[in-house]
Amino acid sequence: MIVRKSAKILFFLANFVVAAILLAPLLYALSASFMTEGELINYPPAIIPSSFYTQNYVDALRMAPIFQFIFNSAVVAIACTAAQLFTGALAGYAFGVLRFKGQKALFFLMLATMMIPGQAIIIANYLMVVRMGLVDTFGALILPYTASAFCIFNMRQAFLSLPKELNESAMIDGCNSLQFFVRIGLPLTKPFLGSLGIYTFLGVWNQYLWPLLVTNSVKMRTVQIGIGMLQNAEGNSYGPVMAAAIMILVPSILIFIIGQKSLISGLTAGAIKG
């Protein structure tokens, strides 16, 4: 009994240490966003601001259209997430439930695309966007990310985890493939959809290279590009940069908090069978 309690205490302490290490940069950025420039460059560095200096947030909003950047990133992230979940669910259902000629070859070909680094095809994607006349538009930011091999693979695994008898009994009762997909398959794979949705949203939200390449005007910039613009605008003025970083982090943190249950259930779905 004593050994079990000691193990629980050690496990709790280990989790606390790991959480403290992971949260330390975020907490310091929040603290630094309320510091004056003197406190930020002081040595030894201050950990807690002497007073809540809110001018950094005012300066950040004055130096760059932060809310416009957040709106652009939100539109792109939501559209890409919805598109990837839609195409991933359809393709995952086809690979996991349906049977057709050349299925395995097509699936392995799709998996092979996961081995290609995004940087290797970025020029080809850019030339395609230029020829379509989509540069500096939401179309350029969204179109290349409407489908994902990673999402398709995970949704295939989700549909494979469903009992085959479920599909067979549905077909016997007169349910066609589309009805089974909409009424039975999708509701049973919601945990997978939730976790993939959060993963995709955060991945698109944090993109830097592609938005930098295909956007030219300030009104089309995303949050990550906006932070770079803020740094270039004021040189070594770290206070407004920290304030902007906190404002940009808020939407992604809220998405994670709201979808935390879906993320955990999606990660653990299928781990216990019975």
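How many residues apart in helix α3 are R62 and D59? They are 3 residues apart in α3 (residues 55–63), and therefore separated by about one helical turn. The model is a predicted one, in which local features need pLDDT of at least 70 and side-chain atom pairs count only at pLDDT 80 or more, whereas totals for chains, interfaces and linings use all residues. Residues are numbered from 1 along each chain as its sequence is written, and side-chain values use heavy atoms, without hydrogens and water.

The side chains of R62 and D59 form a salt bridge at 3.6 Å, N to O (a side-chain nitrogen of Lys or Arg within 4 Å of a carboxyl oxygen of Asp or Glu). The structure holds 1 salt bridge. R62 is exposed at 57% relative accessibility, whereas D59 is buried at 15% (buried means under 20% relative accessible area, exposed over 50%, partly exposed in between, with a 1.4 Å probe and protein chains only).

Two helix pairs may be considered next. Helix α5 (residues 103–112) and helix α8 (residues 149–160) have axes that come within 9 Å and cross at roughly 135°. This angle makes α5 oblique to α8 (angles under 35 degrees count as roughly parallel, over 145 as roughly antiparallel, 65 to 115 as roughly perpendicular and the rest as oblique). Helix α9 (residues 164–172) and helix α10 (residues 177–188) pack at about 140°, with their axes 11 Å apart; α9 and α10 are therefore oblique to each other.

In helix α1 (residues 2–32) lies F16, which is exposed with a relative accessible area of 53%.

Terms used:
Helices (H or I, at least four residues) and strands (E, at least two) are DSSP runs, numbered from the N terminus. Axes are lines fitted to C-alpha atoms, for helices over the stretch in contact, and angles run from 0 to 180 degrees between N-to-C directions.
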